[in-house]
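Please open the model in your viewer and display it as a cartoon.

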Amino acid sequence: MPENSTLADLPVVVIGTGPVGLAAAAHLVTRGMKPLVFEAGATPAAAVSEWGHIGLFSPWKYNIDHAARTLLEGTDWQEPDSDYLPTGTELVNDYLAPLAATPQLREAIRTQTRVIAVSRLGMDRTRTPDRDATAFLVRTQSADGVIEDHHARAVIDASGTWATPNPLGQAGLPAIGETAAREAGLVTSPLPDVLGRDRDEFAGRHVLVVGAGHSAANTLLALGELNEAEPTTRISWAIRGADPASVYGGGDQDGLPARGALGTRLRHLVETGRIDVHTSVTITELNTTDGLTVSGTTPDGPVSLNVDRVVPTTGFRPNLDFLREIRLELDPVVEAPTKLGPLIDPEYHSCGTVPPHGANLLAHPEKDFYIAGMKSYGRAPTFLMFTGYEQIRSIVAALAGDQASADRVELVLPETGVCSADIGSSCDAPVADTVEADSCCGAPAEPVSIGIPTGLEHGRSAYQETR
């Protein structure tokens with residue numbers, strides 16, 4: 001730490017420039033604190049740009065943070081129609097990029113800079129004396145390999161989970177040969193742009209989509225459209241469940257029409273034979289010796305598919321490797337903060353069923369360190385941008401010493417919840433601003449019946465039943 005400087009003089013490091021990371025920077029500026037924001041990509045919100053072709057289920061009124069709006073209103077920014085459903089590209093172009101370019105934030109953001117370690121200055125995770133009063137040490141690596149150390153008063157990790165998708169194999173492990181298939185480019189990104197940027201990779205080929213969530217549905221629908229233009233394009237779909245009907249969600253009964261239409265359209269493609277469905281499949285091997293052969297097991301015996309590409313829509317998990325020297329307290333099932341874990345069990349929580357929450361539920365034993373946004377949900381896929389903004393408002397209030405504001409819940413959402421392509425949550429009923437964050441959903445959880453289910457066989461209830 002520079003001589004004559006105090007902990008309070010140091011910046012708050014924010015990791016990631018997605019919606020939640022940029023909202024964190026905006027709230028820090030509003031509270032009079034200095035942000036220092038690191039982004040591994042070449043541009044702000046680089047991960048969002050990778051799935052820019054995907055439409056969100058949530059309209060603009062649920063996608064803009066209020067502190068960010070305040071910064072943008074000081075520029076020539078034009079706020080989009082509040083009821084319009086943007087794509088990822090529109091989210092970047094019409095909100096995130098202008099926000100990153102505001103005078104208050106543009107000098108604080110360093111792109112092409114990856115955080116490779118977070119620790120405390122002069123001490124590893126085993127050292128306790130004076131730990132809370134010691135600056136954080138954040139080590140970064142630039143795109144050209146330069147490593148640099150930075151000192152911070154606090155750290156907010158909003159790096160997301162996009163770069164760490166779940167493997168295709170069983171038991172949370174890569175299938176045999178999966179790593180080689182990924183390196184050969186035969187396993188794609190989780191949300192490829194089938195009809196645009198990546199069209200040539202899929203047109204006229206046999207494509208296997210693995211997974212049963214919104215990402216799978218989006219990709220399958222795009223492949224169905226590609227099949228109309230390129231009839232030699234073949235579509236296979238492998239799921240671990242016994243019946244694809246469980247993936248279609250609420251259809252016309254869904255409280256969010258765009259989300260309901262997704263399941264309805266997918267059902268039509270399956271029932272008309274445009275998609276070849278393989279149920280109860282556990283993938284065991286990807287063999288690239290002669291093309292790509294995907295092998296697996298089912299209750300009826302082994303299955304083997306010769307395909308050209310595999311799209312892995314099996315969810316995501318947090319990258320915790322660079323946080324080894326930080327004292328974390330994580331849920332043993334979903335790898336979310338311990339107090340949050342039971343509230344986001346993916347067997348029971350989807351859009352509309354996770355309570356708004358803030359610093360108290362997100363705290364770790366490491367003082368002034370927080371994981372926020374999608375990464376805070378660990379392996380659970382029920383995250384909502386607007387919930388992330390409430391996380392940030394509370395976290396920054398806590399860092400500013402305003403504990404009353406940090407403790408207060410200031411988020412109200414409709415009963416159905418509001419989701420984007422793979423994200424969503426709120427409480428079972430609207431939450432008043434006087435309700436404590438940890439008391440929102442007091443009623444016993446019930447399996448979700450709205451939207452495409454996000455249940456995992458290794459979720460909270462399965463864990464409890466074995467105890």
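Which strands does helix H7 lie across? Select residues 214–229: helix H7 lies across S8, strand S9 (234–238) and S14, and runs at about 160° to S9. Such angles run from 0 to 180 degrees between N-to-C directions, the axes being lines fitted to C-alpha atoms, for helices over the stretch in contact; contact means heavy atoms within 4.5 Å.

The model is predicted: local features need pLDDT of at least 70, side-chain atom pairs count only at pLDDT 80 or more, and totals for chains, interfaces and linings use all residues. Residues are numbered from 1 along each chain as its sequence is written, and side-chain values use heavy atoms, with hydrogens and water left out.

**The whole chain**

Helices (H or I, at least four residues) and strands (E, at least two) are DSSP runs, numbered from the N terminus. Buried residues make up 52% of the 467 residues in the chain; buried means under 20% relative accessible area, exposed over 50%, and partly exposed in between (1.4 Å probe, protein chains only). Among the contacts in the chain with a separation of 6 or more, 72% are accounted for by residues 24 or more positions apart.

**The parallel sheet**

Four strands form an open sheet in the order S10-S9-S8-S14, and their pairing is parallel. Its edge strands are S10 (276–278) and S14 (309–312), each of which pairs on one side only. From one strand to the next, the twist averages 20°. Two strands count as paired if DSSP finds at least two bridges between them.

Now select S8 (residues 206–210) together with S14. Four bridges join these two parallel strands. Within this pair, Val209 stands opposite Val311 in S14.

Select strand S12 (292–298) and strand S13 (301–307). The two pair in the antiparallel sense over seven bridges and form a hairpin with two residues between them. The bridge partner of Val294 in S13 is Leu305, while that of Ser295 is Ser304.

**The enclosed space**

Which residues line the largest cavity? Select Leu208, Ala238, Val281, Ile283, Val294, Ser295, Gly296, Val303 and Leu305, which form its lining. S12 gives the most to this lining, with three residues. The largest cavity has a volume of about 40 Å³, and the count comes to one cavity of 30 Å³ or more.

On a 1 Å grid over the protein atoms alone, a cavity is a set of points where a 1.4 Å probe fits but cannot get out; lining residues have an atom within 4 Å of a point. Grid points are joined across faces, edges and corners, and a volume is the space filled by probe spheres set on the points.

**Helix H10**

Select residues 385–399, which make up helix H10. Is this helix enclosed or open to the outside? Of its 15 residues, 15 are buried, so H10 is largely enclosed by the rest of the structure. At 1.5 Å a residue (the expected span being 1.5 Å times one less than the number of residues), H10 should span 21 Å, and its end C-alpha atoms are 21 Å apart, which agrees. After H10 comes Gly401, whose phi is positive, near 85°.

Most residues other than glycine have a negative phi. Select Ala45, which has a positive phi of about 60° although it is not a glycine. Ala45 is in the loop between strand S2 (35–38) and H2, and counts as buried at 2% relative accessibility.

Then select Ala171, whose phi is also positive, about 60°. Ala171 belongs to the loop between strand S7 (154–157) and helix H5 (178–183), and counts as exposed at 61% relative accessibility.

Finish at Pro59, in the loop between helix H2 (46–50) and helix H3 (66–72). Pro59 is buried, with a relative accessible area of 11%.

Methods
On a 1 Å grid over the protein atoms alone, a cavity is a set of points where a 1.4 Å probe fits but cannot get out, and a pocket is an open set with protein on both sides within 12 Å along at least five of seven lines; lining residues have an atom within 4 Å of a point.
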